[in-house]
Amino acid sequence: QQDFFKARPTFQCRPAGLEADSFEGWKRMIQTPAAIVILAEDLTYRVIHTDGRTVEADPAPSWQGSSAGHWDGDTLVVDSAGFNDKTWVGRYGIQHTEALRMTERYRRPDFGHVQVEVTFTDPAAFSKPWGFKVDMRLVADTEMLEQVCELSSDAWLGTLSDASKKAVSVPQDVLAKYVGVYSGT
């Protein structure tokens, strides 16, 4: 946080990987009888095999890992492994090892929504499994725009404490003359 998360994979022009933010934002899901492909706005993709296979015992490490899914009633259950250790599993710098395993549960409670429950297990990094839930909105009639990283955070200078030292205080009566709400450092 002190360095404005300069090391965050997406700020380094790397794939977001597994952080909660990667489950938000625009996605396109393409379903076939043998696989589900999830396309992301940052031009990355995942393939979830739904042809009956299971995740390999020791897959080669990659950014998106290796995924296999099956249906449990109306819920798609996805098991994934084989992640490299260059991504975060949380937006605040939670790192993991290549031993990471992820389980996702996708459910559509109604036409316009998808609920995702994600659980991370990595005995080499975490004392117990943990995760998060995300409610996604289904927008079937909208085109996804690409989001390309063109400049990494390598050029970012300073820290949060440097910025705090340069902060300017604006009196409330001056702010009251303008429309809006102001917050931040």
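Modeller: A residue counts as buried under 20% relative accessible area, as exposed over 50%, and as partly exposed in between, with a 1.4 Å probe and protein chains only. This is a predicted model, in which local features need pLDDT of at least 70, side-chain atom pairs count only at pLDDT 80 or more, and totals for chains, interfaces and linings use all residues. Residues are numbered from 1 along each chain as its sequence is written, and side-chain values use heavy atoms, with hydrogens and water left out.

Colleague: How many helices and strands does the protein chain have?

Modeller: The protein chain has three helices and eight strands. Helices (H or I, at least four residues) and strands (E, at least two) are DSSP runs, numbered from the N terminus. Along the sequence, the pattern reads α-β-β-β-β-β-β-β-β-α-α.

Colleague: What share of the residues counts as buried?

Modeller: Of the 185 residues in the protein chain, 32% count as buried. The chain exposes about 12,100 Å², with carbon and sulfur atoms supplying 53% of it. Accessible areas come from the Shrake-Rupley method with a 1.4 Å probe, and for residues only the protein chains shown count as cover.

Colleague: Turning to salt bridges, how many are there?

Modeller: The count comes to four salt bridges, a salt bridge being a side-chain nitrogen of Lys or Arg within 4 Å of a carboxyl oxygen of Asp or Glu. One of them joins the side chains of Arg28 and Glu143, at 3.6 Å from N to O. Arg28 is in strand S1 (residues 27-31) and Glu143 in the loop between S8 and H2, so this pair links distant parts of the chain, 115 residues apart.

Colleague: Are those two buried or exposed?

Modeller: Arg28 counts as partly exposed because its relative accessibility is 31%. Glu143, at 59% relative accessibility, counts as exposed.

Colleague: Which residue does Arg46 meet in a salt bridge?

Modeller: The side chain of Arg46 meets that of Glu104, at 2.8 Å from N to O. Arg46 lies in strand S3 and Glu104 in strand S6, so the pair ties together parts that are 58 residues apart in sequence. Arg46 counts as buried because its relative accessibility is 10%, and Glu104 is buried as well, with a relative accessible area of 0%.

Colleague: What else surrounds Glu104?

Modeller: Leaving aside neighbours within four places in sequence, Glu104 is in contact (heavy atoms within 4.5 Å) with Phe23, Arg46, Leu76, Val77, Val78, Ser80, Glu117 and Val118. The side chains of Glu104 and Tyr106 are also joined by a polar contact of 2.7 Å. A polar contact is a pair of N or O atoms within 3.5 Å; within protein, one must be able to donate a hydrogen and the other to accept it, and residues adjacent in sequence count only if both atoms are side-chain atoms.

Colleague: And where is Gln64 found?

Modeller: Gln64 is found in the loop between S3 and strand S4 (66-72). Gln64 counts as buried because its relative accessibility is 18%. Not counting residues up to four places away in sequence, Gln64 touches Pro15, Thr44, Tyr45, Arg46 and Phe83.

Colleague: A change of topic: which cysteines form a disulfide?

Modeller: Cys13 and Cys149 form a disulfide, with their sulfur atoms 1.9 Å apart; the rule asks for a pair of cysteine sulfur atoms within 2.5 Å. The pair links distant parts of the chain, 136 residues apart: Cys13 is in the segment before helix H1 (20-23), and Cys149 is in the loop between strand S8 (130-137) and helix H2 (160-165).

Colleague: Why is the disulfide left-handed?

Modeller: The torsion about the S-S bond of Cys13 and Cys149 is about -65 degrees, so the disulfide is left-handed. Cys13 is partly exposed, with a relative accessible area of 34%, and Cys149 is partly exposed at 38%.

Colleague: What is the phi of Leu43?

Modeller: Phi of Leu43 is near 70 degrees, a positive value in a residue other than glycine. Most residues other than glycine have a negative phi. Leu43 lies in the loop between strand S2 (35-40) and strand S3 (45-49), and Leu43 is exposed, with a relative accessible area of 54%.
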